[in-house]
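Please have the sequence and the structure at hand while reading.

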Amino acid sequence: QGAIDYTLTVTTDTGCTDTLNFTLGTNSDPVIDPVSDITENCPNTDAVVNVTISDNETAADDLVLTASSSNTALLNVFDISATGATRTITMTPELDQTGTATVTLTVEDELGTTVQTSFDVEFIDNEAPIASATDFVLDSYNWNNGLYAFLPGYVNDGSSDNCGIDVIDLARDEDSDGNPDSGYDDRINLSCADVGNTFDYLFRVTDVNGNQTVITRTITVEDNLDPIVITQDITVELDINGTASILPNQIDNGSNDDCSIDALALDVTSFDCSNIGDNEVTLTVTDVNGNSASQTATVTVEDNTLPEALTQDITVELGVEGTVTITADQVDNDSLDNCGVESLSLDTSTFDCSNIGANIVTLTVTDANGNNAETTATVTVEDNILPEVLTQDITVELDVNGEATITADQVDNDSLDNCGVES
């Protein structure tokens with residue numbers, strides 16, 4: 001309805017007058033132009049919109065414009081210019097937040113009449129994270145501790161994101177095709193099976209809004225720890241041939257390696273009679289990755305094999321003195337020993353007339369290492385020397401019968417024999 005102009009005249013009793021002119025009419029609503037939905041990118045980017053407001057009765061500078069948010073966790077800060085028909089609204093989102101908020105604008109005129117309009121403000125993050133990582137070399141791990149957990153923090157080199165990083169994960173890419181071999185995880189477990197290899201790994205950064213960046217770096221896995229060599233001293237006996245051989249596992253006493261042992265080796269494995277006593281040997285342990293270490297041990301070589309005493313029966317003749325002496329060599333019949341015969345001895349070596357006939361003697365064979373063996377032989381003693389007959393002439397007289405008798409003793413002149421004259 002249009003406004004009507006009125007004039008009010010007031011007259012006092014004394015004839016004084018005063019006039020007031022005024023207009024009466026219906027108040028119209030303020031006007032606020034619609035605002036289109038807007039989208040802003042993170043991080044923390046202000047959204048700015050210009051709004052036109054007006055009112056037929058209230059001057060533009062006197063209109064009051066306010067704003068409210070349906071999602072205060074996302075948007076709760078408004079800066080609105082205070083005057084003019086075009087007002088600038090600056091909307092500041094909460095730190096690192098994305099999403100949508102409905103903003104309601106309210107304009108109020110001098111008479112308290114209000115009008116509202118609404119629009120959506122969306123804060124989005126389409127910016128991929130910045131992924132930065134280094135190559136990784138594992139060269140001093142003790143694999144006795146089990147698997148090695150390779151974590152993103154070991155190689156992260158300042159990865160960042162405009163709205164914040166949610167997670168960094170890893171994956172093997174041993175075929176270097178840019179795709180994970182078996183999915184992403186919070187770690188890559190490394191084992192001895194990886195030692196000696198260099199392969200690609202994928203370093204993936206995901207921000208709080210799901211944007212991802214994947215880069216490729218390398219892992220090199222080394223085993224530089226030497227095996228632990230543990231030895232034991234042993235004693236070996238020479239065999240009947242005077243030799244002995246040993247194997248590395250006889251010297252090994254539980255040597256170990258953080259991965260596994262590939263080979264055991266000894267610098268000396270064969271021994272003979274010249275090695276009787278203590279001998280130092282060196283055990284070298286090599287692991288599957290080529291690391292090696294050595295330790296010494298003592299091999300005590302013993303000869304506990306008895307000689308083989310061999311004899312032969314012999315026959316000896318007494319000499320002119322009625323005695324005979326024999327040597328061990330005469331009774332020995334090529335006695336044997338693995339390290340050689342050192343000496344031969346007999347329990348009886350001298351015989352006389354009382355030993356005529358068969359006599360048992362014992363041959364003792366001793367080797368260079370004090371081992372000895374005995375066996376017997378028969379020594380047959382013979383006296384084959386004829387007596388030495390000595391005579392003397394005698395004179396006898398016939399008796400009254402014209403006869404004379406003599407004895408052998410009268411003619412004997414101390415006949416001799418080495419074993420004595422029997423008759």
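Which residue does a disulfide join to Cys192? The partner is Cys259, with an S to S distance of 2.1 Å. A disulfide here is a pair of cysteine sulfur atoms within 2.5 Å. By this rule the model has three disulfides.

The model is predicted: local features need pLDDT of at least 70 and side-chain atom pairs pLDDT 80 or more, while totals for chains, interfaces and linings use all residues. Residues are numbered from 1 along each chain as its sequence is written, and side-chain values use heavy atoms, without hydrogens and water.

| Disulfide | S to S distance | Torsion about the S-S bond |
|---|---|---|
| Cys192 and Cys259 | 2.1 Å | about -95 degrees |
| Cys273 and Cys339 | 1.9 Å | about -90 degrees |
| Cys353 and Cys419 | 2.0 Å | -90 degrees |

The torsion of Cys192 and Cys259 makes that disulfide left-handed. Cys192 lies in the loop between β14 (188–190) and β15 (198–207), and Cys259 in the loop between α1 (248–251) and β19 (261–266), so the pair ties together parts 67 residues apart in sequence. Helices (H or I, at least four residues) and strands (E, at least two) are DSSP runs, numbered from the N terminus.

Cys259 is buried at 17% relative accessible area, whereas Cys192 is partly exposed at 28%. Buried means under 20%, exposed over 50%, and partly exposed in between (1.4 Å probe, protein chains only).

The link of Cys353 and Cys419 is also left-handed. Cys353 sits in the loop between β26 (350–352) and β27 (357–367), and Cys419 in the segment after α3 (408–411), 66 residues apart. Cys353 is partly exposed at 25%, and Cys419 is partly exposed at 30%.
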